[in-house]
Amino acid sequence: MEYTSGNVLAKMLDEQRNLTRFYLGKLKDEDMYREFEVNGYTTNSPYWILAHLCWAENSVGLQSLGHSGLDFPWLNDFKIGSSKDSKPTNPPSLDEVLAAWKQIHTVTIENLSGLSEVELDQDNETGIAFGENKSKRFMAMHTIRHEGTHCGQLSLIVQMYGKKTV
């Protein structure tokens with residue numbers, strides 16, 4: 001394998017996904033719609049986290065990097081700023097979310113792997129900015145760290161079910 005930045009970023013994103021899958025595997029027989037109350041705060045459910053990860057990877061990991069993205073009509077119900085309390089009128093099943101999660105990730109890895117150094121240093125296609133940084137490279141890095149953040153939430157949910165994480 002050629003070691004381009006696109007390949008390295010894609011590998012990092014894929015390894016992050018493997019860790020997320022590890023924690024999801026520990027929730028296999030649990031209620032994926034359950035929210036926990038912690039010090040007056042209600043957690044997101046694993047279902048909501050997965051659907052949100054679909055939206056994020058599709059919009060930041062694909063569309064901001066120049067791909068048209070994949071068309072799942074429910075994605076925007078789980079976008080940033082959406083409330084877990086505002087339930088979608090026609091929510092996808094958990095199986096639909098898991099299938100989309102896998103499909104979006106496969107396309108993201110393929111797309112990201114093919115980006116050149118010049119393309120990664122260009123401004124992203126959607127105009128998203130974190131501070132002043134609008135580069136496609138930074139959007140790829142944010143996609144990785146974003147999933148890592150939600151992976152941490154899943155880890156805590158696993159622990160709230162009384163299961164070991166290591």
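**Pocket, core and salt bridges**

Reply: The largest pocket holds about 210 Å³ of space. Please bear in mind that this is a predicted model.

Me: Which residues lie nearest the centre of the largest pocket?

Reply: Those are W55, A56, V60, H142 and H146, out of 14 residues that line the pocket.

Me: And which helix supplies the largest share of that lining?

Reply: Helix α2 does, with seven residues. Both α2 and α5 supply at least two residues each.

Me: What is the make-up of the lining by class?

Reply: Seven of the lining residues are nonpolar, five are polar and two are charged.

Me: Turning to the core, how many residues are in the largest nonpolar one?

Reply: That core has 30 residues, and L27, C54, W74 and I104 have the most contacts inside it. Helices α1 (5–26), α2 (46–62), α3 (94–113) and α5 (136–160) each contribute at least two residues to this core. The largest share, ten residues, comes from α2.

Me: What does C54 touch, beyond its neighbours within four places in sequence?

Reply: C54 is in contact with W74, L75, V97, A100, W101 and I104. There is also a second, separate core of 13 residues, which includes L9, A10, L13 and I144.

Me: Now the charges. How many salt bridges are there?

Reply: The structure holds seven. One of them joins the side chains of E15 and K11, with 3.0 Å from N to O. Both residues lie in helix α1, four residues apart, or about one turn of the helix.

Me: Is E15 buried, exposed or partly exposed, and why?

Reply: E15 counts as partly exposed because its relative accessibility is 40%, and K11 also counts as partly exposed, at 43%.

Me: Which residue does E57 pair with?

Reply: E57 forms a salt bridge with R17, and their closest N and O atoms are 2.7 Å apart. This pair links distant parts of the chain, with E57 in helix α2 and R17 in helix α1, 40 residues apart. Both E57 and R17 are buried.

Me: And what about K136, which partner does it have?

Reply: K136 forms a salt bridge with E125, with the closest N and O atoms 3.1 Å apart. K136 lies in helix α5 and E125 in the loop between α4 (117–121) and α5, so the pair ties together parts that are eleven residues apart in sequence. K136 is buried, with a relative accessible area of 5%.

Methods: Residues numbered from 1 in each chain as written. Predicted model: local features only at pLDDT ≥ 70, side-chain atom pairs only at ≥ 80, totals over all residues. Heavy atoms only, no water. Core = buried A, V, L, I, M, F, W, Y, C linked by side-chain atoms within 4.5 Å. Buried < 20%, exposed > 50% of the residue type's maximum accessible area, 1.4 Å probe, protein only. Contact = heavy atoms within 4.5 Å. 1 Å grid on protein atoms, 1.4 Å probe; cavity = no way out; pocket = protein on both sides within 12 Å on 5 of 7 lines; lining within 4 Å. Points joined across faces, edges and corners; volume = space filled by probe spheres on them. Nonpolar A, V, L, I, M, F, W, Y, C, P; charged D, E, K, R; others polar. Salt bridge = Lys/Arg side-chain N within 4 Å of Asp/Glu carboxyl O.
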